[in-house]
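Let's take a friendly walk through a protein model. Have the sequence and the 3D view ready, and follow along as each part comes up.

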Amino acid sequence: MKVVIIEDEVPAAEKLERYLHKYDASIEIVAQFDSVKNTVPWLQENQDTIDLIFMDIQLTDGLSFQVFQQVQVRKPVIFTTAYNEFALDAFKVNSIDYLLKPITFTDLSASLHKLQVLREQFSASTDQSQRIQQAFSNTKTSAYKNRFMVKVGEHIRSVTTDQIVVLYADGRDVYLVTSQQKKFIIDYTLESLESVLDPQLFFRLNRTFIVNINAIKDVLVYSNSRLKITLLQEFDKEIIVSREKVQDFKTWFDGAG
């Protein structure tokens, strides 16, 4: 079996490699990556040479769900993470298991046994490899959040994505603004938000703003071929679509994104 490990913590990657060789000394680790940026081009060129992917969820440059938005992953995936909040999202893509850190050898063995059982179910087929890929593949490999947890003083509340008007960065903080003109700090970067928000509804306009299409009141042609966005709700910050994003914005706004 040929395996790829996508993990940004070196000790965790080394531990996983030890467990894999303990389970079966013939398992070959063909590549290791710690970022979305490096994983995507490798999978685009080499995916057919591997059998299984181990993937951490939080990588050095964002969430690994971004990989699925940029390349069609056809191989089974076993997710490894210290957080259980992404379990539902993980099973919306072609994962066969979700292991919480610290991973034990028993956990790993159970996951690999599960993969073996699934393979054996297709062993009678002459096109076994293709059938396995189809079984693991989703017609739409996307996982999008429909709500965010926010803190209000000592209280915790839930804000659904249809209530979100705009999200923006200010220094190290990222704010979520609702249609009720309420503003909350959320524990996300704009990069990670791009991977968990539905791209049909949300678009990143520049380095600072992500906007909900249903919150846009007007789009004005601005200086230097840029675009200026006016929201349905009052908002005290100027929102400009950066020049490099203008064409993509028009495509998205036209419904072809």
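Predicted model: local features only at pLDDT ≥ 70, side-chain atom pairs only at ≥ 80, totals over all residues.

If you click on Leu 193, look for its contacts with Phe 148, Leu 167, Val 174, Ile 186, Tyr 188 and Ile 210; residues up to four places away in sequence are not counted here.

As a general background, nonpolar side chains tend to be buried together in soluble globular proteins.

## Helix 2 and its cover

Which residues of helix 2 are buried? Within this helix, which spans residues 36–46, they are Val 36, Thr 39, Val 40, Trp 42 and Leu 43.

Why is strand 1 described as largely enclosed by the rest of the structure? This strand covers residues 2–6, and four of its five residues are buried, so the rest of the structure largely encloses it.

Strand 1 pairs with strand 2 (residues 28–33) in the parallel sense, over five bridges. Here you can find Ile 5 standing opposite Gln 32 of strand 2. To get from strand 1 to strand 2, the chain passes through helix 1 (residues 10–23), and this β-α-β crossover is right-handed.

Strand 1 also pairs with strand 3 (residues 52–56), again in the parallel sense, over four bridges. In that pairing, Val 3 has Leu 52 of strand 3 as its bridge partner.

Now move along to an open sheet made of three strands in the order 15-16-17, with antiparallel pairing. Strand 15 (216–221) and strand 17 (239–241) are at the edges; each has a single partner strand, so one side of each has no neighbour in the sheet. On average, neighbouring strands of this sheet are turned by 30 degrees against each other, direction ignored.

Strand 16 (residues 227–231) is joined to strand 17 by three bridges, and the two run antiparallel. Lys 228 stands opposite Ile 240 of strand 17. Helix 8 (residues 246–253) lies across strand 15, strand 16 and strand 17, and runs at about 140 degrees to strand 15.

Methods: Residues numbered from 1 in each chain as written. Heavy atoms only, no water. Buried < 20%, exposed > 50% of the residue type's maximum accessible area, 1.4 Å probe, protein only. Pairing = 2+ DSSP bridges. Right-handed = clockwise from strand over helix to strand, strands pointing away. Axes fitted to C-alpha atoms, helices over the stretch in contact; angles between N-to-C directions. Contact = heavy atoms within 4.5 Å.
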